[in-house]
Amino acid sequence: MLKIAIIGVGTVGSSVANILKNNKEIITARAGVELVPTIGVVNDLTKKRNVSIELTDDVNKVLEDDSIDIIVELMGGVEKPYEIVKKALANKKAVVTANKALLAYHRYELEEFAQDIPFEYEAAVAGGIPIINALREGLTANNIASIQGIMNGTCNYMLTKMINEGVKYEDILKEAQDLGYAEADPTFDVGGFDAAHKLLILGSIAYGIDAKPEDILIEGIQNITSYDIEFAKEFNYSIKLLGIAKRDGNFIELRVHPAFVPKEEMIAKVDGVMNGISVIGDKVGETMYYGPGAGGDATASAVIANIVDIARRGKGSPMLGFEEDYGEKLSLLPKDEIRTKYYLRLEVADKTGVLAKISTILGNCGISIEKMLQKPIGNQKANLLLATHTSVEKDILKAIAEFEKTKVVTQKPAMIRIEA
């Protein structure tokens, strides 16, 4: 028998306790040992929770209980759970967490603390999709060329509605909040930070690279307009908030941002609240992982899979995928050195000579135009919608700065990257 303590008995924590109880027979058969949810730690003991386990508000009672074998951390946050998990590891307790923010900031410190103590975190990325296991075990023979993923169901739901039904951003945000997909303060989701935390974890497993959220390019979906969607439809693109990890020589790109994706790509077909992650290995080629990225039962399923792994092995998989130091030292590519195609939305004066002026600025920055649409918007103005050939980020930023200086561009330019 292995006794389990759950720190944070909210939606996911309650699901973990109830699934372990309701599916006890099949889980025991698969684990080879009975897994018993014994106690839960909560902040408010007066709040009613749909679980049959004992509850306490004293986390130390759990951490110092020698009978507890596995700590499941589901409380959220960064520094407080970091201290709790460190203490659990110091007390030789195996740890399972779904806390992506904790790992985005402290995964390497926790790896050092854990050593041979099992530390698992499948549910921290893409909910019920077993992407951590795929990278750490299923694809171990491969050098990973790239990872490209839809890792936030809230943003994907909103963009799907905006594209398919023409719903405005403000309206679909309110709907997502009403449905419980987005928080009252939705910045963490729509600003791209949730996806960035997940991408950093995958980047460590794939490439052994240590980066913090502050080190990488992060943009959200707040500025997507109907003009951008019209351009996407005209040229057979979908718009997705993507987390992208990509190797180029000894450099690794890590970035999160909205992107135009050709509709024929598998990742473009992932709609609604679902997540999808494409991984390209040098030997296996492209593999695709699809499923629910959030929700109590889906996330709890991944948590329990980790618990079963610990029960089977005693020692978990290497936390970040490497038993030994990765001999090849890879570096994070500077943000302004990213190379891709770009879309620009420019509100311009609708008069002769404007296009020539725009083309000159782009040409002086080493940027060539691949596609273009012009949409009149009244008051002698138009939206100029451009797609470039592959360019360098710093050149695009330089061109945008030049546009802002000229009187022919009447509003701040908008830019979206194209992953084609």
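## Reading contacts, rings and spaces in a predicted model

Author: The backbone oxygen of N223 lies 3.1 Å from a polar atom of the R345 side chain, and since this is a predicted model, we shall read that value as a computed one.

Reader: Which other residue has a side chain joined to that of R345 by a polar contact?

Author: That residue is D228, whose side chain and that of R345 are joined by a polar contact of 2.7 Å. R345 itself belongs to strand β14, which runs over residues 339–349. Leaving aside residues up to four places away in sequence, R345 touches N223, T225, Y227, D228, N383, L384, L385, P413 and A414.

Reader: How far from R345 is L20, in sequence and in space?

Author: The two residues are 325 residues apart in sequence, and the distance between R345 and L20 in space is 52 Å, taken from C-alpha to C-alpha.

Reader: Let us turn to aromatic rings. What describes a pair of them?

Author: Two quantities are used, namely the distance between the centres of the rings and the angle between their planes. The structure holds eight aromatic pairs, and one of them, formed by Y157 and Y181, is edge-to-face, with 4.9 Å from centre to centre and 70° between the planes. This pair links distant parts of the chain, as Y157 is in helix α7 while Y181 is in the loop between α8 and α9, 24 residues apart.

Reader: Which of these words, buried or partly exposed, applies to Y157, and which to Y181?

Author: Y157 is buried, because its relative accessible area is 11%, whereas Y181, with a relative accessible area of 34%, is partly exposed. For F231 and F235, the ring centres are 4.8 Å apart and the planes stand at 50°, so this pair is tilted. F231 is buried, at a relative accessible area of 0%, while F235 counts as partly exposed at 23%.

Reader: Which residues form one aromatic cluster with F231 and F235?

Author: Y237, F260 and Y343 belong to that cluster together with F231 and F235.

Reader: What is the volume of the largest pocket, and which residues lie nearest its centre?

Author: The volume of the largest pocket is about 1400 Å³. Its lining is made up of 50 residues, of which V12, L74, K100, E183 and A294 lie nearest the centre. Among the elements that give two or more residues to this lining are α4, α5, α7, β11 and α12, and α1 gives the most, with three residues. Divided by class, the lining of the largest pocket has 23 nonpolar, 18 polar and nine charged residues.

Conventions: Residues are numbered from 1 along each chain as its sequence is written. This is a predicted model: local features need pLDDT of at least 70, side-chain atom pairs count only at pLDDT 80 or more; totals for chains, interfaces and linings use all residues. Side-chain values use heavy atoms; hydrogens and water are left out. Helices (H or I, at least four residues) and strands (E, at least two) are DSSP runs, numbered from the N terminus. Contact means heavy atoms within 4.5 Å. A polar contact is a pair of N or O atoms within 3.5 Å; within protein, one must be able to donate a hydrogen and the other to accept it, and residues adjacent in sequence count only if both atoms are side-chain atoms. On a 1 Å grid over the protein atoms alone, a cavity is a set of points where a 1.4 Å probe fits but cannot get out, and a pocket is an open set with protein on both sides within 12 Å along at least five of seven lines; lining residues have an atom within 4 Å of a point. Grid points are joined across faces, edges and corners, and a volume is the space filled by probe spheres set on the points. Ala, Val, Leu, Ile, Met, Phe, Trp, Tyr, Cys and Pro count as nonpolar, Asp, Glu, Lys and Arg as charged, and the others, Gly among them, as polar. Rings of Phe, Tyr and Trp (its six-membered ring) pair if their centres lie within 6.5 Å; planes under 30 degrees apart count as stacked, over 60 as edge-to-face and the rest as tilted. Buried means under 20% relative accessible area, exposed over 50%, partly exposed in between (1.4 Å probe, protein chains only).
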